[in-house]
Amino acid sequence: MANEPVSVMFKVYCLSVMTLVAATYTVVLRYTRTVSSTAMYFSTTAVCITEVIKLFLSLGMLTKETGSFGRLKASIVEHVFWSPKELLKLSVPSVVYAVQNNMAFVALSNLDAAVYQVTYQLKIPCTALCMVLMLNRSLSRLQWFSVFMLCLGVTLVQWKPAEATKVQVEQNPFLGFMAIAVAVLCSGFAGVYFEKVLKSSDTSLWVRNIQMYLSGIVVTLAGVYMTEGAQVIEKGFFYGYTPWVCFVVFLASVGGLYTSVVVKYTDNIMKGFSAAAAIVLSTVASVTLFGLQITTTFACGAMLVCVSIYLYGLPKQDTTKLPRADTDKEARQKLITV
């Protein structure tokens with residue numbers, strides 16, 4: 001199953017949905033943290049609920065995959081109750097993803113959605129480095145060039161950040177940037193680690209998700225009561241929740257599952273570049289909802305990121321073998337002639 005072939009249209013569908021989900025999630029989360037006039041909810045509880053929903057969705061998908069409740073039960077018993085080492089192995093990305101998801105709330109509480117979306121793409125160079133070190137992969141010169149072009153685009157965006165005029169809360173841009181830095185490191189490592197686990201065995205994708213989300217629920221629940229325990233006990237777990245907050249949780253849940261599918265059937269850097277395409281959608285929404293004022297450096301930086309997406313997607317051309325084959329053929333002809 002690790003090498004299960006899928007159609008190009010299926011890959012395009014997954015990447016397109018991921019782009020839409022990423023853009024919408026960023027904008028709506030930003031809205032709930034800065035513009036919404038209701039009482040502020042606890043972000044740690046939203047991260048925890050997201051893990052619970054993803055667990056139930058994965059159970060539903062595994063039920064469909066196995067075809068019966070009997071095989072579902074046997075699969076869970078084998079891979080969950082009788083596989084403590086596998087649970088421990090998947091607890092590593094669970095912890096890292098929990099930190100990453102919480103950092104997203106901190107970052108979007110202090111940075112505009114479009115600025116966040118562009119800056120967050122720094123996860124791609126981090127992912128590329130992790131792939132080289134952990135998966136022994138190599139990137140072509142064009143891919144490396146596109147990665148550095150992406151970094152240049154992000155630098156231009158941060159050189160003179162665009163400002164929003166409709167934000168109602170005080171912000172700390174430095175705190176937002178630090179949160180993104182932590183999230184970038186977490187995203188690169190956890191994504192490649194999970195990809196390595198997925199592609200190193202024939203275990204079902206949904207089984208791996210269940211293993212990871214079980215650990216994730218424990219980790220995020222501990223995070224709730226370690227950071228905001230007293231307030232949660234006083235005000236309630238769902239304090240400040242609105243339909244928009246529920247929509248954020250839903251998007252985070254769907255986005256997490258699509259991330260797993262894309263990692264399984266494509267590659268991790270491609271997932272990152274597909275998310276970069278959400279910059280355009282986030283920018284348009286930010287201008288409309290938050291009064292974002294686009295600067296020249298922001299526009300140039302965003303354009304460089306989009307160009308880097310195109311360059312990375314170009315097919316690889318392995319021309320090293322063709323000249324060598326032609327040379328060998330010519331040498332044999334000369335020998336025959338002699």
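**Exercise 1.** Is K199 buried, partly exposed or exposed?

*Solution.* This is a predicted model, in which local features need pLDDT of at least 70, side-chain atom pairs count only at pLDDT 80 or more, and totals for chains, interfaces and linings use all residues. Residues are numbered from 1 along each chain as its sequence is written, and side-chain values use heavy atoms, with hydrogens and water left out.

Step 1. Take the cut-offs: buried is under 20% relative accessible area, exposed is over 50%, and partly exposed is in between (1.4 Å probe, protein chains only).
Step 2. K199 has a relative accessible area of 29%, so K199 is partly exposed.

**Exercise 2.** Find the salt-bridge partner of K199 and state how the two residues are placed in their helix.

*Solution.* 
Step 1. A salt bridge is a side-chain nitrogen of Lys or Arg within 4 Å of a carboxyl oxygen of Asp or Glu. By this rule there are five salt bridges.
Step 2. The partner is E195, and the closest N and O atoms of the pair are 3.3 Å apart.
Step 3. Helices are DSSP runs of H or I with at least four residues, strands are runs of E with at least two, and both are numbered from the N terminus. E195 and K199 are four residues apart in helix α8 (residues 173-199), so about one helical turn separates them.
Step 4. An α-helix has 3.6 residues a turn, so residues three or four places apart point the same way.
Step 5. E195 has 1% relative accessibility and therefore counts as buried.

**Exercise 3.** Describe the network of salt bridges that contains E86.

*Solution.* 
Step 1. The members are E86, K89 and R208.
Step 2. E86 pairs with K89, with the closest N and O atoms 3.4 Å apart. Both residues are in helix α4, three residues apart, which is about one turn of the helix.
Step 3. R208 also forms a salt bridge with E86, and here the closest N and O atoms are 2.5 Å apart. This pair links distant parts of the chain, since R208 is in helix α9 (residues 205-227) and E86 is in helix α4, 122 residues away.
Step 4. Compare the accessibilities. E86, at 22%, is partly exposed; K89, at 33%, is partly exposed; R208, at 4%, is buried.

**Exercise 4.** How are the rings of Y41 and F105 arranged?

*Solution.* 
Step 1. Rings of Phe, Tyr and Trp (its six-membered ring) pair if their centres lie within 6.5 Å; planes under 30 degrees apart count as stacked, over 60 as edge-to-face and the rest as tilted. The structure holds 11 aromatic pairs.
Step 2. The ring centres of Y41 and F105 are 6.3 Å apart and the planes are at 80 degrees, so the pair is edge-to-face.
Step 3. Y41 is in the loop between α1 (8-34) and α2 (43-66), while F105 is in helix α4 (residues 84-108), so the pair ties together parts 64 residues apart in sequence.
Step 4. Y41 and F105 are both buried.
Step 5. A charge sits over a ring if NZ of Lys or CZ of Arg is within 6 Å of the ring centre and within 35 degrees of the ring normal. R33 lies over the face of Y41, at 4.9 Å from the ring centre.

**Exercise 5.** Check the span of helix α6 and describe N136, which comes after the helix.

*Solution.* 
Step 1. The expected span of a helix is 1.5 Å times one less than its number of residues.
Step 2. Helix α6 (residues 123-134) has 12 residues and should span 16 Å; its end C-alpha atoms are 16 Å apart, which agrees.
Step 3. Buried residues of α6 include I124, C126 and M131.
Step 4. N136 is in the loop between α6 and α7 (141-159). Its phi is positive, about 55 degrees, although N136 is not a glycine.
Step 5. N136 has a relative accessible area of 69%, so N136 is exposed.

**Exercise 6.** How far apart are the C-alpha atoms of S146 and I309?

*Solution.* 
Step 1. S146 is in helix α7. At 0% relative accessibility, S146 is buried.
Step 2. S146 and I309 are 163 residues apart along the chain, and their C-alpha atoms are separated by 7.3 Å.
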